[in-house]
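Morning, everyone. I have one structure to walk through today, so please have it up on your screens.

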Amino acid sequence: QVQLVESGGGLVQAGGSLRLSCAASGRTFSAYAMGWFRQAPGKQRELVASIASSGSTFLANSVKGRFTISRDDNKNTAYLHMTGLKPEDTAVYYCAQFRSTFALGSPEYWGQGTQVTVSS
């Protein structure tokens, strides 16, 4: 059974930084693409960043230049490093694991989410 456990969320002032972590277990971590999604109140869940097994990354336009996604296959952990945070980044952030080495289609597994709140 795959489990994804996020950590690192919290309250930060605008311009600040946070690093989210997603610890995975249950299957071979290195074989699957990982992603970070977020959902703000009243809005749809959106893809923020993804990273393939190869290490190739995707970043949404809204976070390019501010966020980076990485993975450590030795630790079975994915990270989202967020800098230059803005109030509009406030959301629940979800870690997700895709169905293959590529971040295609809908994820197969989701974490429970971690709240990120950016104050102005």
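Start with what I call an aromatic pair: rings of Phe, Tyr and Trp, taking the six-membered ring of Trp, pair if their centres lie within 6.5 Å. Keep in mind that this is a predicted model.

By that rule, we count three aromatic pairs. Take F37 and F98. Their rings are tilted, at 6.3 Å centre to centre and 35° between the planes. Why tilted? Planes under 30 degrees apart count as stacked and over 60 as edge-to-face, so 35° falls in the tilted class.

Where do the two residues sit in the chain? F37 is in strand β4, residues 34-39. F98 is in the loop between β9 and β10. Are they buried or exposed? Both F37 and F98 are buried.

Now widen the view. F37 and F98 belong to one aromatic cluster with Y94 and W110. Y94 also has a charged neighbour: the charged end of R45 sits over the Y94 ring, 3.8 Å from its centre.

On to the strands. Look at β3, residues 18-25. Strand β1, residues 3-7, pairs with β3 in the antiparallel sense, over five bridges. Which residue in β3 is the bridge partner of E6? That is C22. Strand β8, residues 77-82, also runs antiparallel to β3, and six bridges join the two. There, R19 stands opposite H81 of β8.

Note on methods. Residues numbered from 1 in each chain as written. Predicted model: local features only at pLDDT ≥ 70, side-chain atom pairs only at ≥ 80, totals over all residues. Heavy atoms only, no water. Pairing = 2+ DSSP bridges. Helix = DSSP H or I, 4+ residues; strand = E, 2+ residues; numbered from the N terminus. Buried < 20%, exposed > 50% of the residue type's maximum accessible area, 1.4 Å probe, protein only. Lys NZ or Arg CZ within 6 Å of the ring centre and 35° of its normal.
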